[in-house]
Each structure stands twice: as structure tokens, then as C-alpha cells.
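Student: I would like to learn how to read a structure like this one. Could we go through it feature by feature?

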Amino acid sequence: MPETKGQRSVHEALVLLLAAAFDLIGEPAASVHPVVWYGRLIRALESRAPRGQGAQLRYGVIMLLVAFPLVLVPVKLFQGLIGSIEKKAKDYGGARVGLLASAVFIGMALKPFFALRMLVEAGAQVRMSLEQGDLEEAREALRSLVSRDRSHLSPELVAAAAIESLAENVSDSVVAPLWYYALFGLPGAALYRLVNTFDSLIGYHGKYEYLGKAAARLDDLLNLLPARLSALLIIACAPLYGGSRKEAWRVWRRDAGKTESPNAGHPMSAAAGALGVRLEKVEHYILGEERRNITPAVIAQAERMTWWVGTCAFLLALVVRIWRQAGRG
């Protein structure tokens with residue numbers, strides 16, 4: 001008997017609910033974490049990179065073309081395995097048991113491609129160190145959020161960097177992977193996370209200027225919509241975490257283009273406006289205005305912002321998944 005629309009909707013809701021539950025439990029072990037595997041794959045490919053700007057630019061494209069099928073094929077095979085498990089579960093216990101079994105495995109497979117709890121906890125570590133007056137520990141805790149030099153950051157700049165990172169990474173680490181899951185299922189989430197991992201490892205200036213250019217540009221393209229969607233969610237949720245929706249909208253419209261990245265400025269400027277703070281990366285950008293001092297309490301507010309935006313991203317993903325399922329008839 002074919003599945004009804006109601007059963008499909010329940011299945012999609014279960015997948016996302018279970019993925020969120022697995023996220024609250026914690027990250028998978030490194031030995032079985034797909035994103036860790038992606039990092040190892042990228043480093044292995046990088047080790048064979050040629051010298052010379054033109055050669056590195058071409059090899060950067062080849063790295064992506066080699067990595068895509070190495071990621072996509074296992075995901076497709078796993079989907080086939082889930083289908084077999086669902087069929088056997090249906091034969092054994094009926095349609096509901098089959099749908100539940102499928103939801104458990106898809107939710108488990110989706111979890112490694114986003115990281116909401118880990119992101120909030122990283123911000124909380126910086127906040128708690130500042131609350132204890134331990135600036136060195138706060139700078140060290142910031143290491144999990146930013147790659148910039150932290151050695152000379154004041155307490156205010158450390159706090160600002162934590163808030164910026166919570167805003168930027170809720171887009172990269174939560175909204176974007178869920179968005180691509182909503183559109184394309186597990187393959188979409190996996191390929192997005194692969195490209196984002198490429199960008200985080202080799203997609204920046206200096207040593208990787210040419211080798212990582214293709215990955216950086218592709219990551220920019222993939223994040224064009226999620227970054228702006230994240231800004232809108234930060235604005236929409238503002239009253240829920242004690243922020244100003246009006247100021248978030250105003251600062252977003254004014255400051256979103258001030259960062260070198262075409263995407264990072266969107267969620268960061270929206271957060272600056274919502275929280276009423278000035279977010280500064282010295283000699284790079286200033287977002288928002290200093291309507292209040294940046295204290296650990298503001299980081300805590302940004303943590304609540306991240307939870308709310310993440311929650312809304314799950315709900316939005318569910319709506320898109322159900323809409324797409326309905327469109328397929």
C-alpha cells in the first residue's frame with residue numbers, strides 16, 4: 001500500500017526531530033564522523049598539489065571533482081541500505097514500524113552535517129571564561145570559533161568575536177546544511193558540508209590563495225541564500241531572545257556588505273543590530289553601533305539567539321520537505 005501524504009509528513013517530522021535529538025546527545029566519535037573523513041580526504045588531495053599559481057588553480061577544481069563522487073556514492077549506497085531496512089521493517093511490523101526505522105537511520109545520518117549544540121557550547125565556553133575574569137582562557141576557548149590571531153584581543157573584542165562567530169556559524173553550521181537537506185535530502189547536506197569543509201581548510205588567502213579559490217567561490221555561491229535566510233531568522237526571532245527586530249533590520253540593511261565575505265556580513269550585522277552592540281574586527285570591519293557594552297551577558301543572549309534560529313531552521317526545513325513531497329504527488 002502506497003504511503004499517504006500524512007505518513008510522509010510524519011516521517012519528515014520524525015527525521016528532523018530525531019536529528020535534533022541526536023545533536024543534543026553530542027557529536028559522533030571522530031572515527032565515524034563524516035566531516036572528519038572529509039577533512040582527511042581534503043588533506044590527502046592537498047598533499048599532492050602542484051606548485052605554481054595556474055597549476056594550483058586547476059588542481060583546486062580537480063580536487064572538488066574527485067571529492068564529489070567519493071562523498072556522494074557512499075551516501076547513495078547508505079540511502080539504498082535504509083530503503084532495504086525500511087522494507088524489512090514494514091514486512092515485520094507494518095508501515096509505521098518501517099517509517100520509524102527509516103526515520104531513525106536518516107536522522108542519524110543527517111546529524112553529522114550540522115552542529116547546533118556544539119556551536120552554542122563553544123560560545124558558552126568563551127562566556128564562562130570571561131565571567132571568571134580569565135582572559136587567556138577566553139582567548140583559548142575562542143580558538144574553536146575563529147582562526148584569527150587572538151593573542152592581543154581585549155575582553156570586549158573576545159566577546160565580540162564570539163558573538164560574530166555564533167551569528168556566522170549558525171548560518172554555515174545549521175541553517176545551510178538543513179536548507180540543502182530540505183531541498184536535496186542527505187546528498188544535498190553531505191555535499192554542502194564537503195564544500196564548506198574545503199573552504200574552512202583551504203579556502204582563504206595566503207598559502208591557499210589559488211589552490212582554494214574554486215572551493216571558496218563555490219562555498220560563497222552555496223551560502224548566498226542561507227546567509228540571507230539566517231539574517232532574516234535572526235531578525236524574526238529577535239523578541240524571543242530579547243533583541244530588537246527594528247534595529248536588526250536597520251543594521252542588516254546598512255552593514256551587511258561591509259565584510260570581505262559576500263555572506264558573513266548578513267547574519268553578523270543582523271545580530272549586531274538585534275543585540276545593540278558594535279562588532280569589530282580590527283582593520284577589517286565595524287558592524288552595528290555601541291548602544292551597550294559587550295559583556296558576557298550579551299554572549300549569553302547570542303547563545304539564546306543561536307538556539308532560536310536553529311529551531312526555526314528545523315521548522316523551515318520541515319515545511320520545505322513536506323512541500324516538496326506534496327509536489328511529487
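Student: In which helix does Leu-194 lie?

Tutor: Keep in mind that this is a predicted model. Leu-194 lies in helix α7.

Student: Is Leu-194 buried or exposed?

Tutor: Buried means under 20% relative accessible area. Leu-194 has a relative accessibility of 0%, so Leu-194 counts as buried.

Student: What is Leu-194 in contact with, leaving aside its neighbours within four places in sequence?

Tutor: With those neighbours left out, Leu-194 is in contact with Tyr-38, Ile-42, Ala-67, Phe-68 and Val-71. Residues set apart in the chain can also be compared by their C-alpha atoms: those of Leu-194 and Val-35 are separated by 7.2 Å, while the two residues are 159 apart along the chain.

Student: How are two packed helices described?

Tutor: Two packed helices are described by the angle between their axes and by the distance between those axes. Here, helix α2 (residues 34-46) packs with helix α7 (residues 155-202) at an angle of about 50°, and the axes are 10 Å apart. The two helices, α2 and α7, are therefore oblique to each other. Their crossing is right-handed.

Student: Which residues make the contact of α2 with α7?

Tutor: From α2 come Val-35, Tyr-38, Gly-39, Ile-42, Arg-43 and Glu-46. From α7 come Ala-190, Arg-193, Leu-194, Thr-197, Phe-198, Leu-201 and Ile-202. Sorted by class, the contact of α2 with α7 has eight nonpolar residues, two polar ones and three charged ones.

Student: Let us turn to aromatic rings. How many aromatic pairs does the structure hold?

Tutor: There are six aromatic pairs. One of them is formed by Tyr-180 and Phe-184, and this pair is stacked: the rings are 6.5 Å centre to centre, with 15° between the planes.

Student: Why are Tyr-180 and Phe-184 separated by about one helical turn?

Tutor: Because they are four residues apart in helix α7, Tyr-180 and Phe-184 are separated by about one helical turn. Tyr-180 has a relative accessible area of 12% and is buried, whereas Phe-184, at 52% relative accessibility, counts as exposed.

Student: Why is the pair of Tyr-180 and Tyr-192 stacked?

Tutor: Planes under 30 degrees apart count as stacked. The planes of Tyr-180 and Tyr-192 are at 15° and the ring centres are 5.6 Å apart, so this pair is stacked. Tyr-192 counts as buried, at 2% relative accessibility. Ring pairs link Tyr-180, Phe-184 and Tyr-192 into a cluster.

Student: Where is Ser-173 found, and what does Ser-173 touch?

Tutor: Ser-173 lies in helix α7. With a relative accessible area of 15%, Ser-173 is buried. Not counting residues up to four places away in sequence, Ser-173 touches Phe-113, Phe-114, Ala-115 and Arg-193. Arg-193 is also one of the α7 residues in the contact with α2.

Student: Is Arg-321 buried or exposed?

Tutor: The relative accessible area of Arg-321 is 10%, so Arg-321 is buried. Arg-321 is found in helix α11 (residues 296-327). Leaving aside neighbours within four places in sequence, Arg-321 is in contact with Glu-12, Tyr-181, Ala-182, Phe-184 and Gly-185. Among these, Phe-184 is part of the ring cluster with Tyr-180 and Tyr-192.

Methods: Residues numbered from 1 in each chain as written. Predicted model: local features only at pLDDT ≥ 70, side-chain atom pairs only at ≥ 80, totals over all residues. Heavy atoms only, no water. Axes fitted to C-alpha atoms, helices over the stretch in contact; angles between N-to-C directions. Parallel < 35°, antiparallel > 145°, perpendicular 65-115°, else oblique. Left-handed = near helix turned anticlockwise from the far one by under 90°. Contact = heavy atoms within 4.5 Å. Nonpolar A, V, L, I, M, F, W, Y, C, P; charged D, E, K, R; others polar. Buried < 20%, exposed > 50% of the residue type's maximum accessible area, 1.4 Å probe, protein only. Phe/Tyr/Trp six-rings, centres within 6.5 Å; stacked < 30°, edge-to-face > 60°.
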